Amino acid sequence: MHVHKSMLPCLPLLHSPGIKPLVVLYHWDLPQVLQDSYGGFLGSQIIEDFTYYADTAFRLFGDRVTRWLTFVEPYVICDMQYGSGQYAPGVNNGDAGRYK
């Protein structure tokens, strides 16, 4: 959350001209330690970790952000990151990775 907290001063500036920020919780930037520890989105531990992350973001920014997007391009995450492995983390699990 450190990087995201640095954006807090910008939020009032967005609201002043009527811009409503939309925060994306995941855009292909899973911490490497989660990938290394349990396979990232292929491991069931991601449910607890992502829930904690989302709850923390809502608690910290929810008074200034009302629009949230959980995942950008979920098909790309499944197909290119964990199916074909074309994008990081480069897991080539074919259909097993795409649809787990």
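Glycine 83 is buried, with a relative accessibility of 0%. The model in view is a predicted one. Glycine 83 sits in the loop between α5 and α6. Leaving out residues up to four places away in sequence, glycine 83 touches Cys78, Val91, Asn92, Asn93, Gly94, Gly97 and Arg98. Leucine 14 is another matter. That residue is 69 residues from glycine 83 along the chain, and the two C-alpha atoms are separated by 38 Å.

Step back to helix α5, which spans residues 74-81. Four of its residues are buried: Val76, Ile77, Asp79 and Gln81.

Now turn to the aromatic rings. The model holds eight aromatic pairs. One of them joins tyrosine 26 and phenylalanine 41, with 4.9 Å from centre to centre and 70° between the planes. Angles over 60 degrees count as edge-to-face, so this pair is edge-to-face. Tyrosine 26 belongs to strand β1 (residues 22-26), while phenylalanine 41 lies in the loop between α3 (32-38) and α4 (45-61). The pair therefore ties together parts that are 15 residues apart in sequence. Tyrosine 26 is buried, at 3% relative accessibility.

Phenylalanine 41 has a further partner, phenylalanine 71. Their ring centres are 5.7 Å apart and their planes stand at 70°, so this pair too is edge-to-face. Phenylalanine 71 is in strand β2 (residues 67-71), and phenylalanine 41 is in the loop between α3 and α4, so the contact ties together parts 30 residues apart in sequence. Phenylalanine 71 is partly exposed, with a relative accessible area of 30%. Ring pairs go on to link Tyr26, Phe41, Phe50, Tyr53, Phe71 and Tyr82 into a cluster.

Next comes the nonpolar core. Which residues have the most contacts inside the largest one? They are Leu25, Tyr26, Leu30, Phe50 and Tyr82, in a core of 15 residues. Both β1 and α4 supply at least two residues each. Helix α4 gives the most, with five residues. Tyr26, Phe50 and Tyr82 are also members of the ring cluster.

Setting aside neighbours within four places in sequence, leucine 30 is in contact with Gln35, Gly40, Phe41, Ile46 and Tyr82. Of these, Phe41 and Tyr82 belong to the ring cluster.

Terms used: Residues are numbered from 1 along each chain as its sequence is written. This is a predicted model: local features need pLDDT of at least 70, side-chain atom pairs count only at pLDDT 80 or more; totals for chains, interfaces and linings use all residues. Side-chain values use heavy atoms; hydrogens and water are left out. Rings of Phe, Tyr and Trp (its six-membered ring) pair if their centres lie within 6.5 Å; planes under 30 degrees apart count as stacked, over 60 as edge-to-face and the rest as tilted. Buried means under 20% relative accessible area, exposed over 50%, partly exposed in between (1.4 Å probe, protein chains only). A nonpolar core is a set of buried Ala, Val, Leu, Ile, Met, Phe, Trp, Tyr and Cys residues joined through side-chain atoms within 4.5 Å. Contact means heavy atoms within 4.5 Å.
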